[in-house]
Amino acid sequence: MDYKTQYQMYLSQASAALEDACAKFLPEESEVCRAARYSLLGGGKRIRAVLVLSVCDMLGGDPQTARAFSAAVEMLHCYSLIHDDMPCMDNDDLRRGKSSCHVQFGEGIALLAGDALLTHAFSAVSSAYFSGSLPAETVLRCVNQLACAAGVEGMIGGQVIDTMPEEVPMTPEELEAMHGMKTGALIRTSAVLGCLAACAPRDVILQADLYAAKIGLAFQIVDDILDVTETSEELGKSASDAENHKTTYITLYGVEKAREMVRRLVLEADLAVKGTMLDDEMLYELADTLAKRNH
């Protein structure tokens with residue numbers, strides 16, 4: 001199966017998993033649930049979900065467990081986007097080519113919709129225990145993994161740094177640390193959850209984590225490149241880090257050097273899984289595609 005066909009297969013599985021999660025946790029009768037559905041089902045590349053599904057598949061894990069975990073990481077990711085877009089954060093009116101959640105439903109409902117998605121992400125993960133597909137100890141590891149990715153050492157910690165006024169530009173080390181928390185933590189967790197869904201050994205989990213760390217940073221650098229080379233209409237979002245005077249990989253290195261860094265990170269991601277149980281064309285193509293994306 002070629003990469004595009006395989007990616008579309010996982011994308012379809014992820015979409016079905018999100019529909020199932022909405023039916024189970026987000027009834028349409030509630031306005032806050034409608035707001036959560038509006039953002040959750042509003043499209044996107046679903047990279048995190050695809051990572052969960054593909055890694056679990058490579059390792060021979062249970063596909064239903066992987067689907068529940070894929071829904072969880074997308075719910076958590078979507079919650080962060082809803083909150084990031086709000087006036088108290090990045091103040092973005094556009095997300096994925098349509099009005100942000102707070103523009104469409106108001107700030108209060110958007111805030112609570114994000115909270116609902118965060119909360120039910122953990123419901124989705126814990127369903128693996130109640131369905132009997134994984135033992136309690138493994139499910140607890142998964143819950144802890146998701147919590148760490150979301151918390152002050154993960155996405156929240158990265159967002160705190162991102163919202164602080166920059167009196168002086170960040171150092172390269174500070175910028176990488178911020179993005180490692182804000183963007184990289186959930187991408188790494190997605191790969192790890194794919195391993196845990198398949199009860200993979202520790203060495204495989206470490207290899208998946210390293211691979212995901214490399215593509216997560218590459219993904220962020222490409223974001224910075226696109227922020228200065230593409231229009232808001234092409235990107236489907238409105239705010240620009242340059243306009244907000246934030247340190248980016250472009251302000252530190254320039255576009256060409258940043259592109260070199262992306263190429264190096266893709267090579268390092270490939271080397272992280274080469275010769276392992278995760279030595280699969282799907283992961284090589286995923287890293288390469290993320291590096292070459294234009295939106």
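Colleague: Which side chains meet in a salt bridge at 2.8 Å, N to O, with Arg188 as one of them?

Modeller: Start with the general idea. Side chains of opposite charge can pair when their charged atoms come close. In this predicted model, the partner of Arg188 is Asp209.

Colleague: Where do Arg188 and Asp209 lie?

Modeller: Look at the helices. Arg188 belongs to helix α9 (residues 172-197), while Asp209 belongs to helix α10 (residues 202-229). The pair therefore ties together parts that are 21 residues apart in sequence.

Colleague: Is Arg188 buried or exposed, or in between? And Asp209?

Modeller: Check the relative accessible area. Under 20% is buried, and over 50% is exposed. Arg188 has 32% relative accessibility, so it counts as partly exposed. Asp209 has 18%, so it counts as buried.

Colleague: How many salt bridges does the structure hold?

Modeller: There are 12. Take Lys246 and Asp90: their closest N and O atoms are 3.6 Å apart. This pair links distant parts of the chain, 156 residues apart. Lys246 sits in the loop between α11 (232-235) and α12, and Asp90 in the loop between α4 and β1 (94-95). Lys246 is buried, at 14% relative accessibility.

Colleague: What does Asp223 form a salt bridge with?

Modeller: With Arg293; the closest N and O atoms are 2.8 Å apart. Asp223 is in helix α10, and Arg293 is in the segment after α14 (281-292). The two are 70 residues apart. Arg293 is buried, with a relative accessible area of 11%. Arg293 also lies over the face of Phe219, 3.9 Å from the ring centre.

Colleague: Now the rings. How many aromatic pairs are there?

Modeller: Ring centres within 6.5 Å make a pair. By this rule there are four. One is Tyr38 with Phe105: centres 5.4 Å apart, planes at 70°. Over 60 degrees counts as edge-to-face, so this pair is edge-to-face.

Colleague: Which parts does the pair of Tyr38 and Phe105 tie together?

Modeller: Tyr38 is in helix α2 (residues 31-40) and Phe105 in helix α5 (residues 101-105), so the parts tied together are 67 residues apart in sequence. Tyr38 is buried at 18%, whereas Phe105 is partly exposed at 21%. Tyr38 has a charged neighbour too: the charged end of Lys98 sits over its ring, 3.8 Å from the centre.

Colleague: Why is the pair of Tyr249 and Tyr253 stacked?

Modeller: Read the angle. Planes under 30 degrees apart count as stacked. Here the planes are at 15°, with centres 6.2 Å apart, so the pair is stacked. Tyr249 is buried at 2%, but Tyr253 is partly exposed at 31%.

Colleague: How far does helix α4 reach?

Modeller: Compare its span with the expected one. Helix α4 (residues 63-85) has 23 residues and reaches 33 Å from first C-alpha to last, close to the expected 33 Å. Of its 23 residues, 20 are buried, so α4 is largely enclosed by the rest of the structure.

Colleague: Last one. Which residues form a nonpolar patch on the surface?

Modeller: Val152, Ile156, Val160 and Met164, with about 370 Å² of accessible area together. Ile156 is found in helix α8 (residues 155-163). At 36% relative accessibility, Ile156 is partly exposed.

Key. Residues numbered from 1 in each chain as written. Predicted model: local features only at pLDDT ≥ 70, side-chain atom pairs only at ≥ 80, totals over all residues. Heavy atoms only, no water. Phe/Tyr/Trp six-rings, centres within 6.5 Å; stacked < 30°, edge-to-face > 60°. Helix = DSSP H or I, 4+ residues; strand = E, 2+ residues; numbered from the N terminus. Buried < 20%, exposed > 50% of the residue type's maximum accessible area, 1.4 Å probe, protein only. Lys NZ or Arg CZ within 6 Å of the ring centre and 35° of its normal. Patch = residues over 30% accessible without salt bridge, like charges linked within 9 Å, V, L, I, M, F, W, Y side chains within 5 Å. Areas by Shrake-Rupley, 256 points an atom, 1.4 Å probe, with all protein chains shown as cover. Salt bridge = Lys/Arg side-chain N within 4 Å of Asp/Glu carboxyl O. Expected span 1.5 Å × (residues − 1).
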